[in-house]
Every structure is written in structure tokens, then in C-alpha cells.
Amino acid sequence: MSAYPQIRSFGDTGFSVEFGEGIDRGINAMVMALHAALTDTRPAGLVETIPSFRALLVQYDPLVTSRADLESHVRGLLGGLKPQQRAGRLWRLPVCYADEFAPDLAEVAERCKVTPQKVIEIHTGGRYFVYMLGFMPGLAYMGGLEAALHLPRRSSPRTKVPQGSVAIAESMTTIYPWESPGGWHLLGRTPLKLFDAVRDEPILLAAGDEVTYFAVSTDDYAAMLRQVEDGSFDSASLRVKP
């Protein structure tokens, strides 16, 4: 008999509903199913639900409802819950793998016993699932990286990773939406803004979306960057599936 789902306390106005261990599409599908069920039923006092790889954080207003009442509602939903793969969008995002943007490409190739070009081929050949967003606005944790490129995070994180850096670590890939510290391996850079406060949808990717990458030259990168910066680039043009 499975030990999941489990409900654990999360501060004095929230609790976490856990569905399993690890990064797994089936577990995440249950997280998204409860997320959708609570969105649909919207019980009184519910403030928000936040999905992650394997759990859903439920936050509530204690002046409107109690932990006991809301937990009872959640347990009622769990009984009939079916896995739900959210019908997300499919994106095709540009990446420039030039040396100036890819400080870890050669090392990744050496440690994975392939050529740098093979690393690019594997990275652009994948289709990545956005499990969740976190760490900073717009940063998507995308699973599905081929096992041939699995590496632990860098033993010595960088204090500054440039905005737009495309990186890998363990079984995931991501894009840094801002300059920040980071310990992932940097393979390239995209000219896109993963977060733009003036855009109709400030955050480009959402949980449930899928992403593929395609390689661009430094000239193409520079041209796209100019369009992004002057506001003329239409990010919707990168959606393969709306």
C-alpha cells in the first residue's frame, strides 16, 4: 500500500500535499490534478495553490476557514483524483552555443565523453517538460534531459550567471531569466526574456509547457536580441503549439 498522498504542515496558514518522491511525470500529474480540482471547486478561504515536482502547497486565510475544514475538503478530492497531464504549450526556443556564451560546454563534453558538437545535438534533440517554476520569477525547471548529459551541479557555483544563460544539471535544463548566482553547467545563451514585466504575460513559460531548443549563430542571436530589447520581437512566434 502506497504511503502517499501525505499531508504535512507548512507554517500556520498552509499545508503541503505530497504524492511521492523524485522527479516523475506520473507523480507530477497527480499534483496538477489536485491543483486543477481546487481551482475548480475554490473552497472558501483558499488563498492559493502552488504546484512543485511532487507536492502541492495549499495556503489559506485562517479568518475565513480552518485547517481542519480545508484539509477535509482536500481529502475528499483525493479519493476521486485522476492523474492530469496539463495540455500545455509547445515552445521552440533559440540558443546560441558559441564559446563566449558556453563556458562549460567543453568540460561537459569531456566529462560525458562526447564532443562539444554532440552535446549540442543531444541538447537540441530533446523535448523538455516544465515541471514547475521557482528560485526566481520565470525560471522553469525542465525535465527530460537525455541520460548521456546527466551531471551533478557544479561543485563551485558561480556568483554571477548572465541573464539568458541556458544550462543543465542532473536530469534537467533551464534558462536563467535574470543575472544571478548559479551552479548549473552553462551550455549557451538565448536572447529571449523569460520574464518581462511589461509583456502581457510577464512569465514566458508555465508548468505543463514543453520546450525544444534550436541552435542559432552569433549573428542571429544579436539580431534577435536587438528585437527583444526594442520590443519588436513577438515571442508568440516561438510557439509550435498555442
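This is a predicted model: local features need pLDDT of at least 70, side-chain atom pairs count only at pLDDT 80 or more; totals for chains, interfaces and linings use all residues.
**Exercise 1. Name the ring geometries.**

Task: Find how many aromatic pairs the chain has, and classify the pair of Phe 101 and Tyr 221.

Solution. 
- The count comes to 8 aromatic pairs.
- Two values describe a pair of aromatic rings: the distance of the centres and the angle of the planes.
- For Phe 101 and Tyr 221, the centres are 4.6 Å apart and the planes meet at 45°.
- Planes under 30 degrees apart count as stacked, over 60 as edge-to-face, and the rest as tilted.
- The pair of Phe 101 and Tyr 221 is therefore tilted.
- Now place the two residues. Phe 101 sits in the loop between strand E5 (90-95) and helix H3 (105-112). Tyr 221 belongs to helix H5 (residues 218-230).
- They are 120 residues apart, and the pair links distant parts of the chain.
- Phe 101 and Tyr 221 are both buried.

Task: Classify the pair of Phe 129 and Tyr 131.

Solution. 
- The ring centres of Phe 129 and Tyr 131 lie 5.0 Å apart.
- Their planes stand at 90°, so this pair is edge-to-face.
- Phe 129 and Tyr 131 belong to one aromatic cluster, together with Phe 53, Tyr 141 and Trp 184.

**Exercise 2. Locate Thr 115.**

Task: State where Thr 115 lies and how far its C-alpha is from that of Ser 165.

Solution. 
- Thr 115 lies in the loop between H3 and helix H4 (116-125).
- Its relative accessibility is 46%, so Thr 115 counts as partly exposed.
- Ser 165 is 50 residues from Thr 115 along the chain. Their C-alpha atoms are separated by 20 Å.

**Exercise 3. Judge the whole chain.**

Task: Compare the radius of gyration of the chain with that of a compact globule.

Solution. 
- With 242 residues, a compact globule would have a radius of gyration near 18 Å.
- The chain has 20 Å, which agrees.
- The C-alpha trace spans about 60 × 40 × 35 Å along its principal axes.
- The chain holds 5 helices and 14 strands.
- Buried residues make up 50% of the 242 residues.
- Take contacts between residues at least 6 apart in sequence: 63% join residues at least 24 apart.

Task: Find how far apart the mean positions of the positive and negative charges are.

Solution. 
- The chain has 24 positive and 28 negative charges.
- Their mean positions are 3 Å apart.

Terms used:
Residues are numbered from 1 along each chain as its sequence is written. Side-chain values use heavy atoms; hydrogens and water are left out. Helices (H or I, at least four residues) and strands (E, at least two) are DSSP runs, numbered from the N terminus. The radius of gyration is taken over C-alpha atoms; the globule rule is 2.2 Å times the number of residues to the power 0.38. Buried means under 20% relative accessible area, exposed over 50%, partly exposed in between (1.4 Å probe, protein chains only). Contact means heavy atoms within 4.5 Å. Lys and Arg count as positive and Asp and Glu as negative; His and the chain ends are not counted. The place of a charge is taken as NZ of Lys, CZ of Arg, CG of Asp or CD of Glu. Rings of Phe, Tyr and Trp (its six-membered ring) pair if their centres lie within 6.5 Å; planes under 30 degrees apart count as stacked, over 60 as edge-to-face and the rest as tilted.
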